[in-house]
Structures are given as structure tokens and as C-alpha cells.
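Here is a short tour of one protein model. Keep the sequence and the 3D view open as you read.

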Amino acid sequence: MISKIQSRIEEYIKEIKTANNHNELNSIKINTLGKNGIIKNLLKDVLDREYDDDVKKNAFDYINKVKQQITQMILKKKTEIDDFIQNSKINLEYIDVTLPVKNNNIGTRHILSSMVEKIRKYFIFRGFDVVDGPEIDREFYNFDALNIKKTHPARQSCDTFYIHDDWLLRTQTSTMQIRELSKKTLPVKMVSIGRVFRCDSVDSTHSPIFTQMECLVAGRDPICIGNLRHELINFLSFIFDNKNIDIRFRTSYFPFVEPGMEVDCLYNGSWLEIGGAGIVHPNVFSNCGIDGKVYGFAFGLGIERIVMIKNNINDIRFLYDTDVRILRGLSL
Ligand code: FA5
């Protein structure tokens, strides 16, 4: 009897081996292992016939072995078919990133990033340390050491994003004055550019996240407003590509400078405010552990403001647009 079924089983095994897809495999599965499949019928056949117990046992053993063999083969084939489908998909979706671009419809560097890079290069060339600092900082660096009183309105949670305890999102890059001065290695000539955060509502000139640059020059040699003005004029004539740029100071109050002022520059016939500046307050030096006579000036400018002035943009939201056609049109 066994020899009779052997040839049929071998045929099925051959079919399993050559099956090309899940449908073919499924029908083989039904024909062999299914309710009316060859295995079930064989078992029934052996049960129904009047064989000796020994013959029946041998037949059952053989049929079960065949059942296991077919089950394993079907499983193996199923994995092979799955792998084949997966690999075909991968081959179909393969992209050769080393091929040349077909058209010039590719992205462009954002104008703000380019401006930051331009400013960094300028100050590196002029011998400044261009440093980066944390956007998440402590009250000490953002307020305390900058001589900003505990009662100052800028410290309120309606102006500053607090994270936890005295941790906050820095509201100004002036934090970097403290970080650099705390190293206590004079003289300091540093510039830092980065994102700052304020609970300002969005309007045409304000954004809750924007970019500032900070410049600090400090040392034991006397420094006066003339030095500050000279540095600002040099920098702004480079940025605005105008050797005769005019700036003006308007008295203002920033607790970390004395005197403090707002800086305006004359552009296309109008005075436009670009930031704050002043002579570093002695308390800032002592808060950083620097004693004795020290002099310094500092200024902080809004980078968005500079890009807006240069490109005659009157809405800051324009700068956060990601349309490359618009971004390509802006000048540095
Ligand atoms: C300051 O942040 C001071 N740290 C600047 C400073 C540094 C003064 C060193 C003295 C010495 P102020 O808050 O004015 O100052 O911000 C400076 C500039 O950032 C502004 O002139 C403006 O150009 C820009 N700015 C301020 N708030 C926003 C905002 N919400 N969105 C976009 N730009 C802003």
C-alpha cells in the first residue's frame, strides 16, 4: 500500500518545490493537508482496512512522517515566496542617490542660515571667538548674572517659557556674555548667534522663536562707546554692503549695560531699529567672578530684522515660509 501512495506523494513534493506563488502553494496545501487531502484520506483508508496492527502502525508512522515533511516544505516554500516578493519590491523602489539630478528643482539653503553663516565668517575673520550655547538655560545665565532684578517683568511666565524650576528657554543670546565671562579669561572678544524664545504673539515683526546675535568685547584696557560704535558701523556696513552706513543710538534701559541704548540704522532713507547695545554694567563682571577694573561693550541684534531690512520684507512670517521660489529670491 505504501509503495502505491509513494509516487503520488513524490509528485506533490515536486509541485511544492516548483510552486511560484501563494495561490499555487495554497492549493497544494489543501490537496495534501486539507480536510479532503491525501493525508486525511490515507489515514482513513488505513483505519478502514483490516490490516494487522503492526502493518497499521507502520502505515500511520509513515503517513505522519510524510505529513510533517510536507508541512515543513510548505512553510519553507512560503518563506521563500515572501522573500522573493519583498526583494522584488525593494529592487523596484531602489533609488540610486549618486545619479545626477535631472532638473534644478532642488532645495536651497534658508536665507536665515546663510545670514548666520555670513555673520559667523565675518567675525571669525576679525579674530572673534564665535561660540554656541544652550537654548535651554538657567535663570542665572538668562537673568540673575545679567543684573536683571527678581521683580523685572521679563521674568514673568507670560514673557518667558519656563521648563522646570529655574530652567527656561533662553530669551536672549546675552546668556552667552555670562557663559564666556565666567571662564574668567580676559580679554573676551566673542560673538554668539542662535535661537531665542519669548512668549510673544506672532505679528508682522514678532515671532515666539527668532534668531539673535550677541557681541561682547571686554578686557582690562579702557573701552568706550566710540569702540562700540566703530564695531557696529564696521559690521553693519559689511552686512548692508554700504561703506557710508549711518547708525544712531537712542537711550534705553537694559539692566546689564550702563549706559544702554537702542541701535537704529539708516536704510533707504528711514531709521530702522535693529537691536540693543551698551557698556557692560560692572555688576555683570562681578557676578561672573571678575574683580578689579574691567571694561566692555556689548550689542545684541535680531537676525530676522537684518534680513527683513535688506530685502524690504515687512512681515517676519515671510521668513518662515519654506517656498524655495521665495527663498531663492532673497538676497544676502
Ligand atoms: C535684547 O534682547 C538684548 N539682549 C540686546 C542687548 C544685548 C542689549 C547686549 C544690550 C547689550 P531686545 O529685547 O530689544 O534686546 O531684542 C533685540 C532685538 O531682537 C530687537 O531689536 C529685535 O530686532 C529682535 N526681537 C526682539 N523680539 C523679537 C521677536 N519676538 N521676534 C523677532 N525679533 C525680535
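Where is T32 found? T32 sits in helix α2, residues 22-33. Helices (H or I, at least four residues) and strands (E, at least two) are DSSP runs, numbered from the N terminus. This is a predicted model: local features need pLDDT of at least 70, side-chain atom pairs count only at pLDDT 80 or more, and totals for chains, interfaces and linings use all residues. Residues are numbered from 1 along each chain as its sequence is written, and side-chain values use heavy atoms, with hydrogens and water left out.

**Helices**

- T32 counts as buried, because its relative accessibility is 0%. Buried means under 20% relative accessible area, exposed over 50%, and partly exposed in between (1.4 Å probe, protein chains only).
- Which residues does T32 touch, not counting those up to four places away in sequence? They are Y12, G37, I38, I39, I70 and I74. Contact means heavy atoms within 4.5 Å.
- I70 and I74 are also among the buried residues of helix α4. That list includes K56, A59, Y62 and I63 too.
- Helix α4 covers residues 53-93, which makes 41 residues. At 1.5 Å a residue it should span 60 Å, and its end C-alpha atoms are 60 Å apart, so the two values agree. The expected span of a helix is 1.5 Å times one less than its number of residues.

**A three-stranded sheet**

- An open sheet is formed by 3 strands in the order β2-β4-β3, with antiparallel pairing. Two strands pair if DSSP finds at least two bridges between them.
- The edge strands are β2 (136-138) and β3 (162-164), and each pairs on one side only.
- From one strand to the next, the twist averages 40 degrees. Axes here are lines fitted to C-alpha atoms, for helices over the stretch in contact, and angles run from 0 to 180 degrees between N-to-C directions.
- β3 and strand β4 (residues 167-169) run antiparallel and are joined by 2 bridges. In this pairing, Y162 stands opposite L168 in β4.

**Strand β6 and its partners**

- Strand β6 spans residues 209-219. Of its 11 residues, 10 are buried, so the strand is largely enclosed by the rest of the structure.
- β5 pairs with β6 in the antiparallel sense over 10 bridges. Here V188 stands opposite A218 in β6.
- β6 also pairs with β10, again antiparallel, over 8 bridges. Here C215 stands opposite F299 in β10.
- In a regular strand the side chains alternate between the two faces of the sheet.
- G300 lies in strand β10, residues 295-302. It is buried because its relative accessible area is 18%.
- How many residues apart in sequence are G300 and M213? They are 87 residues apart in sequence, yet 5.5 Å apart in space, C-alpha to C-alpha.
- Leaving aside neighbours within four places in sequence, G300 is in contact with M213, E214, I274, G275 and G276.

**Backbone exceptions**

- Most residues other than glycine have a negative phi, and most peptide bonds are trans.
- K184 is not a glycine, but it has a positive phi of about 60 degrees. K184 lies in the loop between α7 and β5. It counts as exposed because its relative accessibility is 52%.
- N268 is not a glycine either, and its positive phi is about 50 degrees. N268 lies in the loop between β8 and β9 (270-280). Is N268 buried or exposed? At 60% relative accessibility, N268 counts as exposed.
- L186 and P187 are joined by a cis peptide bond, with omega about 0 degrees. P187 is in the loop between α7 (175-181) and β5 (188-197).
- E258 and P259 are also joined by a cis peptide bond, with omega about 0 degrees. P259 is in strand β8, residues 257-267.

**Around the ligand**

- Of the 25 residues around the ligand, Q172, S174, R198, D200 and E273 come nearest. A residue is near a molecule or strand if one of its heavy atoms lies within 4 Å of it.
- A polar side-chain atom of Q172 lies 2.7 Å from a ligand nitrogen atom. Polar contacts are pairs of N or O atoms within 3.5 Å; within protein, one must be able to donate a hydrogen and the other to accept it, and residues adjacent in sequence count only if both atoms are side-chain atoms.
- For S207, a backbone N or O atom lies 3.0 Å from a nitrogen atom of the ligand.
- For Q212, a side-chain N or O atom is 2.9 Å from an oxygen atom of the ligand.
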